[in-house]
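Hi,

Here is the structure I said I would pass on.

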Amino acid sequence: MRKQFVSTTVDIFEKDPSTVLLLGDIGVHGFKRLIDGCPERAMNIGILEQATISVAAGLSMSGLLPFVHTIAPFLVERALEQIKVDFGYQKLRGNLISVGASYDYAALGCTHHCPSDIAILQTIPNVQILVPGSSEELDFQLRNNYNNDHLTYYRLSEAQNNISFTVQDNLATIVKRGSRGVIMVVGPFLSRVLSAAADMDVTIIYYNQITPFDGDTLFQLLDHSSKLVAVMPFYESTLTHSIHKAIKGKASLLGTIGVPLEFSENYGSVEEHDAKFGLDEHGIRLRLQSMFSLR
Amino acid sequence: MYDERSIWEAENILNKLRLKIVRLSMLKQEGHIGSSFSILHILYHVYSNVIESTKSVALDKFVLSKGHASLGLYAVLNHFSQISDAELESFCDFNSGLGGHPHSGKHGSLVASTGSLGHGLPISVGLALGKLINREGGRIYCLIGDGEANEGAVWEAALLASEHNLSNLTCIMDMNGSGERAIKMGNVKEKFVSFGFECTVVDGHNLNEIAEAFGVCEYLHKPKFILANTIKGKGVSRMENNPEWHHKFPTQREYDEICLEINQL
């Protein structure tokens, strides 16, 4: 997904002179050609995330389209007030692209983990939040949203699905239909959920956009006996409010599957963290069976 | 530069603005009078001789980073007809465009939404950088406070201004001593020199010193820093250098006494 981010961004930059790239000392090698060829608009701005977001706001106020890229906790958590006030409050447009997702930098420890990014950004009005599930989806979302009228956050991750859905306005997609319940799944967890629930008689609905949340598609899918489980690659409580607001009491939310609210003081690999949190295919399958009483 | 008569006229205008500020603060029980008074001479010069006298008026921008001094900015913008009397009188009302801190979305004359300290200078760096990318003329002026300079984002922005050689940026510091009660900033001029700025120190209540410092900005090849030594609460004896008046609102009796003092000047 990171390679796709570079190639799509370079292509956009070559066509649109209003774009400006600010790298927080991350991805510099990948963008070397752009930085060397167009140093005025593409730069390694340094390791100063708070000022970087405010500078991006100033660029946006100048009619330019900033792309800010660094590791998720430094982009979202360290510079949160700058995102809230300088972009959110002032209703400025721009693009924030993070790497690292919840724990892609597993071995580097909790300072580089960010399972909270989506929950945090949801608290800022008018921020569009995109969680692409594949490189193809990232390419589609970046090209179709980089010059819209608000701040857009793109969450890149190492995990990818083996299928892609590029839908206008990033609306939810019904991937599979069944009768025993509904699984709502976000971004790069789709493939493992499809495998985990391959023999289950359930409907699966896929989201790669968190805000604005497509509640209508979910609501229409449900009836009063529906049982719903949500699976997400970030904090497990992140989407509870959006789901309850969308389903309007029409169905029962049995539970959510995601990263638990705890500091993971392990290192190792992403796969080891997934296994620890029950977020690998096996762990998800066990929890789905339990929630839907399929065993 | 200001001759004797224009200084006399300006001081008369500033006294009228002080009365407006004190009256509004009394009526609305809001506003930071001390900080508004310490920047009045600077704001008067910026809006009378810097931004309006430039050929490319629309290209110059002024960012009040120490947003709590908004009442001073509103009063000066009202004097120069960018804010109407009715708008000024609505200060801090529920539906007002003019709050306790400036919000760019509420009034066209307010460049940035500030209030949380340390945002205005990096935004100004972005505006100045944007001008270079867009190949536009004009300058960005940003007024920060000495207490505000505790914020790391101020120094991050200073680093970027120097790194990108933003000769179209002027940062003015209102050195009114607010920061002294917390962290002493030491020699701020030396700090900004070491960050690559061209620095000038002025008496922030001396219009000719202010004018001279602003006058050389456009001929520089690096970002400009003006350290303006000011008096918090300047112009009203009970408020001068009195931290009690940082966020205090006068009673009717205090307002009457302040009117008497100012009108006797």
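**The A/B contact**

The contact draws 23 residues from chain A and 22 residues from chain B, where two residues are in contact if their C-beta atoms, placed from the backbone, lie within 7 Å. On the side of chain B that touches chain A, the elements giving two or more residues are helix H6 (120-134) and helix H7 (152-163) of chain B; helices (H or I, at least four residues) and strands (E, at least two) are DSSP runs, numbered from the N terminus. H6(B) gives the most to that side, with twelve residues.

A word on conventions: residues are numbered from 1 along each chain as its sequence is written, and chains are lettered from A and ligands numbered from 1 in the order in which they are written. This is a predicted model, in which local features need pLDDT of at least 70, side-chain atom pairs count only at pLDDT 80 or more, and totals for chains, interfaces and linings use all residues.

**A helix pair in chain A**

Helix H1 (residues 2-15) and helix H7 (residues 135-145) of chain A pack at about 25°, their axes 9 Å apart (axes are lines fitted to C-alpha atoms, for helices over the stretch in contact, and angles run from 0 to 180 degrees between N-to-C directions). H1(A) and H7(A) are therefore roughly parallel (angles under 35 degrees). Among the residues making the contact are A:Phe5 of H1(A) and A:Leu138 of H7(A).

**One residue in chain B**

B:Thr200 sits in strand S4 (residues 198-203) of chain B. Leaving out residues up to four places away in sequence, B:Thr200 touches B:Ala213 and B:Ile226.

Cheers

How values were computed:
Parallel < 35°, antiparallel > 145°, perpendicular 65-115°, else oblique.
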